[in-house]
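Dear colleague,

Please find below the structure that I am handing over to you. My notes on what was found in it follow directly after.

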Amino acid sequence: MTANNRQPEVNIGLVGHVDHGKTTLVEALSGAWTDQHSEEMKRGISIRLGYADATFRRRPSVEPPECYTVEEEVDGEPTEVVRTVSFVDAPGHETLMATMLSGAAIMDGAVLVVGANEEVPQAQTEEHLMALDIIGIDNIVIAQNKIDLVDPERARENYEQIQAFVDGTVAEDAPVVPTSAEQGINIDVLIDAIEETIPTPERDPEAPAQLQVARSFDINRPGTTFEQLQGGVIGGSLTQGTLETGDEIEIRPGRDVDDRYESVTTMVRSLQAGGETVDAATPGGLIGVGTGLDPSMTKGDGLAGQVAGPSESLPPVHDGFTMDVELLDRVVSVDEEIEPISTGEPLMLTIGTATTVGSVTSARDAEAEVQLKRPVCAREGAKIAINRRVGARWRLIGVGTLR
């Protein structure tokens, strides 16, 4: 399969417990394209917040679901492009909050991968599903993976466990597709379920561009001379509007200058989407934006969590805010009740692609005021994932709404 000739139009999270086959499943869904990166792409110009982009295709002469494939040709018959998607990586347990919750702003749906060879639910399966609910992702497909490792009776038991587990959750009506990513079993059925369940959202390409920044890079090699130096790269997804080379954009909150943040303005010098250099990028999918910024500013995800677009249309910057709070009944995976938020305690807060720590300055029944260690750029009504330190790590305890 050759590199995509279309921009991705939808972002799909791949979530689930470690070792349940997310990586192998993405490889099965994205074909051989993932192994065909140019040196430039390896160095970070192509921003891939996940495993890969995948172009779903169909055979015109075959009915669903057997018609679906990622191959350009099957048995001598050329296939037709259906759409290109980007898979957003939500890897293991320790990176759940940093990767999955910060990716909430750019996820349009999710595939929850559940291993047929283990009891349901495993710790991360439960936590990931709760996180999908918190961040408002309700277009979900469940892949019951690794069915090749169990006998039919165990597969049926596992299927019933999945149904019982998702009962009453955001995934209650999600289709469950038995798959073997390793053996390529039912990949066509899975693509069919994704096409039926996770539509491309309606977006307004005429609205002012707004880029949720989730990664940033310095793509220059050590020893690069000043004359050869390339500007910093930011990557993420457009939630609205169209971004073109030559556009002037502002990035908020910007950079830390003497303990206060100042927004930065720069020019769009290059764009990459779907593995190709393009003149304009549209909403959906993951893009890389080459800028005129000093690469030291973008190095090591220095601008991750920020928002970019025309100056007059960006959300305001908050050093602190009041949020309405809705707590879960218990801490997922720990199985202990959640105590009310108290004044003075630190919370880890994820808003869009930004993750910051906030100190609670005032707490009441259903609201809390927080002062942030690092400011965020967000609109009124934005959803906030609230995490509390429980034992050795941050745990998801509820959702807030910015007032």
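This is a predicted model: local features need pLDDT of at least 70, side-chain atom pairs count only at pLDDT 80 or more; totals for chains, interfaces and linings use all residues.

Aspartate 324 belongs to strand 19 (residues 317-327) and arginine 403 to the segment after strand 26 (393-402), so the pair ties together parts that are 79 residues apart in sequence. Arginine 403 also counts as partly exposed, at 47% relative accessibility. Both residues take part in a network of salt bridges that links Asp324, Arg364, Glu367, Glu369 and Arg403.

The structure holds 15 salt bridges. One of them joins arginine 388 and glutamate 345, whose closest N and O atoms are 2.9 Å apart. Arginine 388 counts as buried because its relative accessibility is 13%, under the 20% cut-off. Glutamate 345 is buried too, with a relative accessible area of 13%.

In another salt bridge, arginine 154 pairs with glutamate 119, with 3.3 Å between the closest N and O atoms. Here arginine 154 is buried at 17% relative accessibility, whereas glutamate 119 is partly exposed at 48%.

Finally, I turn to the strands. Six of the eight residues of strand 11 (residues 233-240) are buried. Strand 11 pairs with strand 10 (residues 210-217) in the antiparallel sense over seven bridges, and serine 216 stands opposite isoleucine 234. Strand 11 also runs antiparallel to strand 17 (residues 287-291), to which four bridges join it; there, valine 233 has glycine 290 as its bridge partner.

Yours sincerely

Methods: Residues are numbered from 1 along each chain as its sequence is written. Side-chain values use heavy atoms; hydrogens and water are left out. Buried means under 20% relative accessible area, exposed over 50%, partly exposed in between (1.4 Å probe, protein chains only). Helices (H or I, at least four residues) and strands (E, at least two) are DSSP runs, numbered from the N terminus. Two strands pair if DSSP finds at least two bridges between them. A salt bridge is a side-chain nitrogen of Lys or Arg within 4 Å of a carboxyl oxygen of Asp or Glu.
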